[in-house]
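Okay, thanks everyone, let's get going.

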Amino acid sequence: MEKYLSQLNDAQLAPTLQKDGPMIVIAGAGSGKTRVLTYRIAYLMHQGVDPFNILSLTFTNKAAREMKARIAQIVGDSEAKNLWMGTFHSVFAKILRIEADRLGYPSNFTIYDTQDSDRLIRDIIKQLNLNKDIYKYKQVRSRISSYKNSLITVKAYFNNPELIEADVAAKRPKMGDIYKEYVDRCFKAGAMDFDDLLLKTNELLTRFPDVLAKYQDRFRYILVDEYQDTNHSQYLIVRALSDRFQNICVVGDDAQSIYAFRGANINNILNFQRDYDDVKMYRLEQNYRSTKNIVNAANSIIDKNKTKLEKVVWTANDEGQKIIVNRLLNDGDEGRYVASSIFENKMNNQLKNSDFAILYRTNAQSRAMEDALRKRGIEYRIYGGLSFYQRKEIKDVLSYLRLIINPKDEEALKRVINFPARGIGQTTLDRLLVAASHYNRSIFEVMKNLDKVDIKINSGTKQKLSDFVTMIESFQIMNETANAFDLAEHVVKASGLIKEFNKDQTPEGITRIENIEEMLNGMKDFVEEQKELADTTGSLAEFLEDVALATDMDNDKDDGDKVALMTIHLAKGLEFPYVYIVGMEEDLFPSAMSMNTRSELEEERRLFYVALTRAEKQAYLTYTLSRYRWGKLIDAEPSRFIEEIDDEYLEFLKPKEHQRANPMLDADIFGDVEPDKIRFKKPKKRTTEKKPPKFIPPKKLKPVSKVGGSGEDANLFDGKLAKGNIVEHMRFGKGEVLKIEGVGADTKAEINFENGGVKKLLLRFAKLEVL
Ligand code: ATP
Ligand code: MG
């Protein structure tokens, strides 16, 4: 153990060695917070604390697995195995299964993912005859989510005039009714959504003192990573569980709080000292991750935020390279630059793909990066986005499997009752739903008792329904003895799913089959893995639990050497030698939706701080001159965050010749320019320039004199523009018309622009204003 403790500095040792009592470690990025938690757990065990009594909560299950593996290295496998580690959701889902009957839930309850919730909400909006343009299901879902995370139950909602008034003011007076129906339907389906996992845990711990006492006694030592991003519901759980022994250690960085939009409450960190007696507060100041340049640049950014705890972060690491800032034409150009830079870095420094990460503000930005990496033959992996388990064909298989475990599961049933088609139409389903509501039973129960319920369904359809019930019941019988893999393999065949997907021999159809195979392979691995562990059996229920709780980070296996692509939100806690932060533009980052208040802008700034501090050796920032947003090509302006970094840490690349080597690739922004006619200004000898050019907002176009740009009805352009006219172009600025050529749709103008020289533009596409 001494050997391991010597891997900590003095500041890190103090919280590691303090065995008991409440403590908080507040420290900047890369200062070893996660390392302290890991070593602390190992040290607790070394001092004789039973791993059974330690609970550690992390941001992803992957982080938990890594932590456990590291601890196992220190204290040995068999000891580490009994630690309770994972995300809030995965740990409390386990506890809820054990205690489900207290809350009237079956222990095999289903966990609805957001797709399931969305489908149910859309159903309810339809059923209540509400206008779906006013009651947008995503907004409704996020509203319900925020009630739950603030522990506002349906009853509490209806007892709170302020909440009702707020929804009335937002022109959604029926929100409460939707909420109530949603909760009822989930309950009847034996299902919990993600927010329920926390809400119901709170309910369990407050309503049943004996249950609370049991888990308080069990979890004598509680540790929480990324504490700055806990929401109110999570906060209350931690507080309740730690109340008796008060051995609670939380670590976090207020400067990295980036989940306020999902209800994270930074006050949890700020008020920690108020919540417990005798809190020890530790600070770590030395960053081990990044170069001086990166650490100082990140400090200069976060300094601009007013709401923050004062912190020192320094590093003894090398000065390192300056942060490279590059301006590109558009997203295609940006992708090509990033891909070629990765390629060069790999060649010059003998690096692996996994040494690189590309981070972006929104998932949509990944496409251009993927295209460029593919063309360069660089392997990459996208984290987040639509996860494997949310693909249609996979959800179809999973729905059958979910029904086996929990036949009340309404969303699963609706998904597969008539897929593959077996002649059970929407009308029948609607009638079943009405009957289920009338008898206060699940649809499956109604289907099992068709003879006893009052329902208008003809005998042919009744037979089909009863065949379906028989099929599911036969799977249930098999589930009593078979493992998850064998059962699933049987189900995809017996249900007709494979046959159905095999009908489609297009590449997409074939991919679907391959995905199902991939899932079965995964199940096989799962079964094999579980065999080695004493406390699990590789059952279907266990597999489904794993799938339901896999976070965006966990869904992706670490298979091989790949460049990592992900949103900045997902990158929290991670580190990479080389980091490219792309799309550094106003309205994208900071996001247009987060610029209304100072606190929103400060959250964006913290997000940038998180992004930059992921880099160990070298960071790159790129922005483009124009970008498609909401289907329109717009001028982009460099992000204010670039300006906020002290210049001494930056190196601005001069746009290079190669980026414009093939202007046809970028014809969309140039108008239809003939390549050989383009004369770019020669790049100056100097390779760096001080600041990106200041953005001058384009003048409003006067509609009367506007020509071109519509891409149709070219006759209109004849005669409107003449030699000698002075025109203005959104990007190239003012210019003089030298020549008009061609007629109709082919009319071209040769224009000498102030910024860009002579260009030939196809008037059909060029957006010009005659001055
Ligand atoms: P973040 O805020 O990004 O989550 P963190 O504070 O959790 O960062 P860690 O991830 O624990 O920081 O540590 C950052 C890096 O520094 C890791 O690679 C870790 O192994 C290394 N490190 C931390 N402490 C030391 C130390 N005392 N000696 C050597 N390396 C260290
Ligand atoms: Mg960390």
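So, where does UniProt place the feature "binding site"? The record, an unreviewed entry, puts it at Ala27, Gly28, Ala29, Gly30, Ser31, Gly32, Lys33 and Thr34. Keep in mind as we go that what you're looking at is a predicted model.

Let's pick two residues out of that stretch. Gly28 sits in the loop that runs between β1, residues 23-27, and α3, residues 33-46. Buried or exposed, then, for Gly28? Buried, because it has 26 C-beta neighbours inside 10 Å, and the cut-off for that label is 20 or more. If you ignore anything within four places in sequence, Gly28 has contacts with Asp253, Ala255, Asn287, Lys311 and Val313.

Ser31 is in the loop between β1 and α3 as well. It has 30 C-beta neighbours inside 10 Å, so Ser31 also counts as buried. Leaving out residues up to four places away, Ser31 touches Leu284, Glu285, Gln286, Asn287 and Val313. You'll spot Asn287 and Val313 in the contacts of Gly28 and in those of Ser31.

Now the ligand. There are 19 residues around ligand 1, and the ones that come nearest are Gly32, Lys33, Thr34, Arg35 and Tyr288. Which element gives the largest share of that shell? That's α3, with three residues. Sorted by class, the shell around ligand 1 comes out as ten polar, five charged and four nonpolar residues.

Zooming out a bit: the UniProt entry, again unreviewed, lists "domain: UvrD-like helicase ATP-binding" for residues 6-291. Across residues 6-291 the chain is 53% helix and 11% strand, with the end C-alpha atoms 23 Å apart.

One helix to look at is α8, residues 137-149. From first C-alpha to last, its 13 residues reach 18 Å, close to the 18 Å you'd expect at 1.5 Å a residue. Its buried residues are Val140, Arg141, Arg143, Ile144, Tyr147, Lys148 and Asn149. As a reminder, an α-helix has 3.6 residues a turn, so residues three or four places apart point the same way. And what do the buried residues of α8 pack against? Five helices: α7 (114-127), α9 (154-158), α11 (175-188), α12 (194-207) and α14 (232-242). After α8 comes Leu151, with a positive phi near 60°.

While we're on α12, Glu203 is in that helix. Glu203 is partly exposed, because 16 other C-beta atoms lie within 10 Å. Glu203 and Thr427 are 224 residues apart along the chain, and their C-alpha atoms are separated by 38 Å.

Last, the protein as a whole. We've got 32 helices and 24 strands, and buried residues make up 43% of the 771 residues. Take the contacts with a separation of 6 or more: 75% of them are between residues 24 or more positions apart.

How many residues are in the largest nonpolar core? It has 184, and Ile358, Leu359, Ile581 and Leu612 have the most contacts inside it. The element that gives the most to this core is α3, with eight residues. Take Ile358: setting aside neighbours within four places, it contacts Val338, Met369, Val563, Leu565, Tyr580 and Val582. There's also a second, separate core of ten residues, including Leu721, Ala749, Ile751 and Leu763.

Key: Residues are numbered from 1 along each chain as its sequence is written. Chains are lettered from A and ligands numbered from 1 in the order in which they are written. This is a predicted model: local features need pLDDT of at least 70, side-chain atom pairs count only at pLDDT 80 or more; totals for chains, interfaces and linings use all residues. UniProt positions are given in the numbering used here, feature names are shortened, and annotations may be inferred rather than shown by experiment. Helices (H or I, at least four residues) and strands (E, at least two) are DSSP runs, numbered from the N terminus. A residue is buried if 20 or more other C-beta atoms lie within 10 Å of its own, exposed if 12 or fewer, and partly exposed in between; C-beta atoms are placed from the backbone. Two residues are in contact if their C-beta atoms, placed from the backbone, lie within 7 Å. A residue is near a molecule or strand if its C-beta atom, placed from the backbone, lies within 6 Å of it. Ala, Val, Leu, Ile, Met, Phe, Trp, Tyr, Cys and Pro count as nonpolar, Asp, Glu, Lys and Arg as charged, and the others, Gly among them, as polar. The expected span of a helix is 1.5 Å times one less than its number of residues. A nonpolar core is a set of buried Ala, Val, Leu, Ile, Met, Phe, Trp, Tyr and Cys residues joined through C-beta atoms within 7 Å.
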